[in-house]
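Reader: I am new to this structure and would like to learn how to read it. Please take me through it one feature at a time.

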Amino acid sequence: MDTLLDIENLWVKFPTRQGIFDAVRGVSFTLGRERLGIVGESGSGKSMTGRAILRLIRPPGMVEADHINLDGVDLLQKSEKAMREVRGERISMVMQDPKFSLNPVMTIGDQIIEAYRLHSTASKSEARTKALEMLEAVSIRNPERVMRAYPHEMSGGMGQRIMIAMMLIPNPEILIADEPTSALDVSVQRQVLDIMDKLVKERGMGLIFISHDLNLVADFCDRVLIMYAGRIVEVCDADKLHDAQHPYTRGLLNSLPRLDTPRDRLDVLTRDPAWSDTPSVSGRL
Amino acid sequence: MTMLSIEKLNVWFGTGRDRVDAVKAASFDVGAGESFGLVGESGSGKSTILRAITGLAPTWSGRITVDGRAIERTRPRAFYKQVQMVFQDPYASLHPRHSVDAVLGETLQLHGFKDIDARVVRLLDDVGLGQKFRFRYPHQLSGGQRQRVAIARALAPEPQLLLLDEPTSALDVSVQAEILNLLADLRQEHGLTYLMVSHDLSVVGHMCDRLAVMKDGEIVEIMNVAALRAMQATHPYSQHLLQASV
Amino acid sequence: MAERTLRQWLLTDTPTSRRHAKLSALYQGWLAFRSNTMAMVGLCILLALVLIAMAAPLLAPHDPFVQNLGNRLAPLGSEGHLLGTDSLGRDILSRLIYGARITLYIVALVALIAPVVGLLVGTVSGYVGGWVDIVLMRITDIFLAFPRLVLALAFVAALGAGIENAVIAISLTAWPPYARIARAETLTIRSSDYISAIKLQGAGGLRIITKHIWPLCISSLIVRVTLDMAGIILAAAGLGFLGLGAQPPSPEWGAMISEGRRFILDHWWVATMPGLAIFIVSLAFNLLGDGLRDVLDPKAGE
């Protein structure tokens, strides 16, 4: 499998009054044409990892790494201007809540067209055709009407599909999805995931799927990194996640209530300080 | 014995053309000591029922009876000694400038308790927080700790009926397990009745004895948890929800 | 060593008493404020102003009211008169030092009246809603519709010239924006879960407004008042300049500019020095307000 993204020893640091806080501590992994899941609880550094790849950590936060190679080119060496071309054109990102990612005073059509023309020299009518095509690709039934609508007229599921459509128009090689379905109802969740899955398969993209939901990741991804306190504590194939070895992963799995196996009490995760001290497991292939 | 009885409850917002009917002719009973779940997707009206019971949604019709007494438009303070609510988002349900001590102290004072200091200490112990959290402000607490404070506040007046509005949906799964265990323990110790709203069928399956499935403001099915576990939903929508959550 | 332990005591995550928690919160706010250099500059200037006003009799080289017609309009740096003298031969530096008292007096009075009125009107209007809201907000609109200085002029004309009346006039024109801010904040706070939660404890409107809504509105009002202070000082100076505020021989800075304007071409310092004083104090308030916003604004923090 060819490697799209190769990350070695990634750190994200924030200076605070109490000294430097390491949000991500020495994480290494590679991404091929696959669906890679990153799971962990809030504060585990999973979102920071996603943002750090695109160098979207706001100062005073700092990103350090031996390298973040995209097709052999280190993103950390690129200028801010060159990074802007990478963002969107080669690596796209979908955030948790579409409400905050869409401009409320522009119609959805205008936003998609603008996003497309930022990255290509296409004419307005070409961009429009492309936008309609993309909306169809994310299973929006009446794309003409949606193009004229404003974001507030859309439901959460629609909004997230539109975001995905927008991110996919420039045909990126990698899509980073940060909790893309957490704000959605379960039935809508499934539809959005299916769309993402289809697009990833058809286009041979690499997908980094960041989520707190173990079952979802086990179901949807090919490979999973489990993060705890800024480190990767375990790497496993998604279909073997339920046989995971690390006590943290096991604890998370056991703390979930299950319909098929009723229990009086749920298992509570007891955190071992040693988990955060042991060095990060490498997610490189 | 019935603790809470809802008959033909309608809740709406706005008037005229803007009127939205959030709950339509909902009826169900919750027995004393029972734990009853309301499940449905966002916008199905499940939280609105809780808000109508507590008076936070003032425009409703139908009949709500708590412990044999019908609820009037204005609720006396005695009502709030009987019925309390825990909110969904612990980051929004605590006043940002009030310490834990102030939150609990004010609640106790409003309900006319005299031994406030002793009760604050006991409440914190009850929810597993302990004394070192007493003088902290919300921003010094984690999500799970905040939710524990919110539960302590709801327990302060010693209510019989606790309304739980998605109490764990904003929390991590490991913290969710702790809070669910705590709620189960408290129910046993204090003989509480729960009415719990959730979108997560497995949480309701774990916590509740019976549940109602809601869609677009209507209750489509009421079933017990054994039927839920056996995947024996009769209404197509409940079946669909079950399929999606497994 | 003692200092270190005090610091640790103040920065603890586990306060042991109500007082401890309060002090600790205050100290953390102070640390955040201290890291903002410009705000500290503003605070220092204002502290200096307060000290100067308090120690005016000690600091002023001359009596601000004593005239010396033989030495009128002396230039900067002339002997015994660092900032020169005005048209009646009074020492400008001494008058500026005594004028600081008047400036502080105006600032303090306006800061006590306008935001308090605004807070009351705004929170009641926002929380109660309905016709109370409509009536209170229309009254606010009426006050807002008049240009500030014109309205103040009308009040002073009706009440008579003088520093107290100028303060009342400025306060009357200054409260509507605060009422608007307080109302807007109240509307967002009113629908939040923590207000719902306290309602479910049977709390009444008065308690909710005073104990739950005010603490959250006050911080943004303080910020706004500090930022507006410059405008208030200028309005007071403007009234003084028009002869409707402080009356001669009072060394009010605006009145001093007014006096000096007759000589502005030949003796520029007479009007410039009080102008500079107004400028520095206004700037200090603005810097302080910016810093306070970073510390106090609940939305910006956390």
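Reader: How many of the five residues of strand E7 (residues 161-165) of chain B are buried?

Author: Keep in mind that this is a predicted model. Four of the five residues of strand E7 in chain B are buried, and the strand is mostly covered.

Reader: Which strands does E7(B) pair with, and in what sense?

Author: The general idea comes before the case. Strands of a sheet pair through backbone hydrogen bonds, either parallel or antiparallel. Here, E7(B) is joined to E6(B) in the parallel sense over four bridges. It also runs parallel to strand E8 (residues 193-198) of chain B, with five bridges between E7(B) and E8(B).

Reader: In what order do the strands of the whole sheet lie?

Author: The sheet is open and has six strands, in the order E6-E7-E8-E3-E9-E10 of chain B, and its pairing is mixed. At the edges are E6 (83-86) and E10 (218-224) of chain B, each of which pairs on one side only. From one strand to the next, the twist averages 20°.

Reader: How many bridges link E3 and E9 of chain B?

Author: Strand E3 (residues 35-39) and strand E9 (residues 210-215) of chain B have four bridges, and they pair in the parallel sense. In this pair, Leu38(B) faces Ala212(B) of E9(B) as its opposite residue.

Reader: Which helix lies across E9 and E10 of chain B?

Author: That is helix H9 (residues 236-245) of chain B, which runs at about 105° to E9(B).

Reader: How many residues does each of chains A and B give to their contact?

Author: Again the general idea is given before the case. The size of an interface is often given as the accessible area lost when the parts come together. Residue counts are what we have for this one: chain A gives 21 residues and chain B gives 21 residues. On the side of chain A that touches chain B, the elements giving two or more residues are helix H8 (186-203) and helix H10 (247-254) of chain A. H8(A) provides the largest share of that side, three residues. By class, the residues of this side of chain A are nine nonpolar, five polar and seven charged.

Reader: How many helices and strands does chain C have?

Author: Chain C has twelve helices and zero strands. Its C-alpha atoms fill a box of roughly 75 × 60 × 25 Å along the principal axes. Of its 302 residues, 40% count as buried. Among the contacts in chain C between residues at least 6 apart in sequence, 69% join residues at least 24 apart.

Reader: At what angle do H11 and H12 of chain C pack?

Author: Two packed helices are described by the angle between their axes and the distance between the axes. For helix H11 (residues 253-260) and helix H12 (residues 269-296) of chain C, the angle is about 155° and the axes are 7 Å apart. Angles over 145 degrees count as roughly antiparallel, and H11(C) and H12(C) are therefore roughly antiparallel to each other. Their crossing is left-handed.

Reader: Which residues of H11(C) meet H12(C)?

Author: They are Trp253(C), Met256(C), Ile257(C) and Gly260(C). Among the residues they meet in H12(C) are Val270(C), Pro274(C) and Ile278(C). The contact of H11(C) with H12(C) has eight nonpolar, two polar and no charged residues.

Definitions and conventions: Residues numbered from 1 in each chain as written. Chains lettered and ligands numbered in written order. Predicted model: local features only at pLDDT ≥ 70, side-chain atom pairs only at ≥ 80, totals over all residues. Pairing = 2+ DSSP bridges. Axes fitted to C-alpha atoms, helices over the stretch in contact; angles between N-to-C directions. Contact = placed C-beta atoms within 7 Å. Nonpolar A, V, L, I, M, F, W, Y, C, P; charged D, E, K, R; others polar. Buried ≥ 20, exposed ≤ 12 C-beta atoms within 10 Å, placed from the backbone. Parallel < 35°, antiparallel > 145°, perpendicular 65-115°, else oblique. Left-handed = near helix turned anticlockwise from the far one by under 90°.
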